[in-house]
Amino acid sequence: MTRGPQPGAARRPATTAALGADVSAFAGRPLAEVFPAVTRTVGKGALGNGWTADEAARATLLSGAGRAEIAELYRFGDTAEKLAILKALQLEDIEQIVGEDGLALVEDAIRTNDQRLLAAALGPYATRHLPAATFRQAVLKCVFAGVPLAAVDGLPARADDELKRMMADFAAERRAAGRSVPEDLQPYLER
Amino acid sequence: MRIFDPHIHMTSRTTDDYAAMAAHGVQALVEPAFWLGQPRTSVGSFVDYFDALIGWEPFRASQFGIRHHCTIALNPKEANDPRCREVLDVLPRYLAKDGVVAVGEVGYDSMTAEEDEVFAAQLELAKRFELPVLVHTPHRDKAAGTTRTLDVVRESGLPAGRVVVDHLNEVTVKEVADSGCWMGFSIYPDTKMDPDRMVVILRQFGTERILVNSAADWGKSDPLRTHATGQAMLAAGFTEDDVDQVLWRNPVEFYGQSGRLDLTGSAAEDTFAGNSILRGARS
């Protein structure tokens with residue numbers, strides 16, 4: 001099974017420096033008030049590297065913040081801010097700052113009922129850090145919530161026998177109810 | 001008929017309400033932060049509530065094609081509880097958010113010294129964050145409360161055009177009209193205002209600087225009262241354009257002063273393009 005197409009995957013930025021965002025406009029103001037207002041200053045145009053201008057600016061602001069500060073920005077963030085923080089976790093320098101503490105943010109997003117947060121939580125950071133049981137439950141939640149499995153970075157690599165069993169049980173439950181089984185579940189049901 | 005409900009508490013409403021609102025032309029709304037019936041006793045309760053206003057509730061509204069914005073403040077009733085006072089300290093974080101288009105609801109409930117202080121402090125925040133203000137007028141002693149409200153607004157130095165004084169009626173409208181502030185009317189099934197009384201006021205005061213809302217919440221109220229008022233206006237001889245001004249263009253103009261209205265995907269996109277944060281930098 002192959003992953004979905006990933007435009008620009010070859011030059012996907014690995015660090016905030018590679019994003020090329022200019023955040024000098026925000027210097028000298030409290031991060032708690034600057035971070036929410038980023039989109040109103042830089043817009044959300046696509047940068048052509050898989051990031052939008054506001055996502056890149058927010059990631060760059062995070063690279064100058066501490067671990068506790070990032071957790072607090074997430075705690076008080078609106079949906080766009082939380083999505084930007086979750087996305088930034090895949091960057092090497094941000095991952096270095098948050099360490100294992102990023103897990104609490106990912107788990108918070110997985111607990112929500114917002115498909116956007118759920119999908120954003122399951123990026124490369126979750127692939128590397130999320131315990132197997134949590135990962136399996138999160139994937140199954142994607143199936144329930146209609147998040148395409150192609151959006152989950154850790155699939156198919158982390159699809160172990162237990163996850164496949166859970167998927168098969170889910171499919172059986174759906175069929176018993178006369179309901180359809182999501183298309184993207186099929187590859188996991190075939191053996 | 002396209003409708004922007006400038007004051008409705010969706011947190012208390014069902015998905016059936018969202019569906020009915022969308023079916024009756026409601027495409028955008030503002031949900032002011034207010035009290036919830038059951039008093040709160042800690043800052044944490046407010047923070048979770050504010051998070052819902054900028055997170056879960058816009059998400060719920062979007063499923064019905066409705067653009068959701070909110071206003072944030074410590075409301076006057078709970079301003080009297082010392083346990084809730086610290087809410088003032090977390091307000092700046094929220095007043096910086098994209099979905100927050102005004103400071104509110106502020107104003108008076110029982111006209112205490114505590115309410116005075118909290119009202120004045122929040123008018124200062126409105127200046128600092130360059131936001132409009134939604135002012136609640138008290139249910140008891142309404143006329144005196146409205147006069148005092150206008151005095152405080154005047155003393156604050158905020159431009160009158162950035163302030164809406166809400167829950168007006170036949171007794172309080174004149175003073176607010178003369179002040180230059182926007183006039184807000186809540187159309188309720190039994191109390192406050194009804195569609196026919198609203199029509200009489202519109203005949204007398206015109207259609208400018210007037211906001212009509214349902215203020216629907218956890219009490220007996222009706223999220224379709226805005227639509228009913230539009231129908232009553234048409235039946236009374238107002239034009240479609242008059243209705244559009246009152247139920248759509250006026251709230252867009254008032255809350256548009258925040259620079260944060262995002263009406264992408266709604267009928268307003270063509271008529272108010274400059275205000276969509278999705279369109280790029282505003283600088």
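In helix α3 of chain A, the buried residues are Ala53(A), Asp54(A), Ala56(A), Ala57(A), Arg58(A), Ala59(A), Thr60(A), Leu61(A) and Leu62(A). Buried means under 20% relative accessible area, exposed means over 50%, and partly exposed lies in between (1.4 Å probe, protein chains only). This is a predicted model: local features need pLDDT of at least 70, side-chain atom pairs count only at pLDDT 80 or more, and totals for chains, interfaces and linings use all residues. Residues are numbered from 1 along each chain as its sequence is written, chains are lettered from A and ligands numbered from 1 in the order in which they are written, and side-chain values use heavy atoms, with hydrogens and water left out.

**Helix α3 of chain A**

- Helices and strands here are DSSP runs, numbered from the N terminus (helices: H or I, at least four residues; strands: E, at least two).
- The cover over the buried residues of α3(A) includes α1 (31-34), α2 (38-42), α4 (67-75), α5 (79-88) and α6 (92-98) of chain A.
- Cover is judged by contact, which means heavy atoms within 4.5 Å.

- Thr127(A) sits in helix α9 (residues 124-129) of chain A.
- Its relative accessible area is 22%, so Thr127(A) is partly exposed.
- Leaving out residues up to four places away in sequence, Thr127(A) touches Asp153(A), Gly154(A) and Arg158(A).
- With Asp153(A), the touch includes a polar contact between the two side chains, at 2.6 Å.
- A polar contact is a pair of N or O atoms within 3.5 Å; within protein, one must be able to donate a hydrogen and the other to accept it, and residues adjacent in sequence count only if both atoms are side-chain atoms.
- Thr127(A) and Ala157(A) are 30 residues apart along the chain, and their C-alpha atoms are separated by 9.0 Å.
- Pro156(A) lies in the loop between α10 (132-145) and α11 (161-176) of chain A.
- The peptide bond from Leu155(A) to Pro156(A) is cis, with omega near 5 degrees.

**Helix α1 of chain B**

- Helix α1(B) covers residues 15-23, and Asp17(B), Tyr18(B) and Met21(B) are buried in it.
- These three share one side of α1(B), because they cover an arc of only 100 degrees around the axis.
- The arc is that of the directions from the helix axis to the C-beta atoms.
- An α-helix has 3.6 residues a turn, so residues three or four places apart point the same way.
- Turned away from the buried side, the other face of α1(B) carries the exposed residues Asp16(B) and Ala23(B).
- Among the elements that cover the buried residues of α1(B) are β2 (26-32), α3 (56-62) and β3 (67-72) of chain B.
- Where α1(B) starts, a side-chain oxygen of Thr14(B) comes within 3.3 Å of the backbone nitrogen of Asp16(B).
- After α1(B) comes Gly25(B), which has a positive phi, near 100 degrees.

**Backbone details in chain B**

- Glu105(B) is part of strand β4 (residues 100-107).
- The peptide bond from Gly104(B) to Glu105(B) is cis, with omega near -5 degrees.
- Met111(B) is not a glycine, yet its phi is positive, at about 55 degrees.
- Met111(B) lies in the loop between β4 and α6 (113-128) of chain B, and it counts as buried at 17% relative accessibility.
- Asp141(B) is not a glycine either, and its phi is positive, at about 55 degrees.
- Asp141(B) lies in the loop between β5 (133-136) and α7 (142-156) of chain B, and it counts as exposed at 51% relative accessibility.

**Chain B as a whole**

- Chain B has 11 helices and 8 strands.
- Its radius of gyration is 17 Å, close to the 19 Å that the globule rule gives for 283 residues, so chain B is as compact as a globular protein of that length.
- That radius is taken over C-alpha atoms, and the globule rule is 2.2 Å times the number of residues to the power 0.38.
- Of the 283 residues of chain B, 59% count as buried.

**Confidence**

- pLDDT is the predictor's confidence in each residue, from 0 to 100.
- Chain A has a mean pLDDT of 93, and 94% of its residues reach 70 or more.
- Over residues 1-10 of chain A, pLDDT stays under 50.
- Chain B has a mean pLDDT of 93, and 94% of its residues reach 70 or more.
- Over residues 269-283 of chain B, pLDDT stays under 50.
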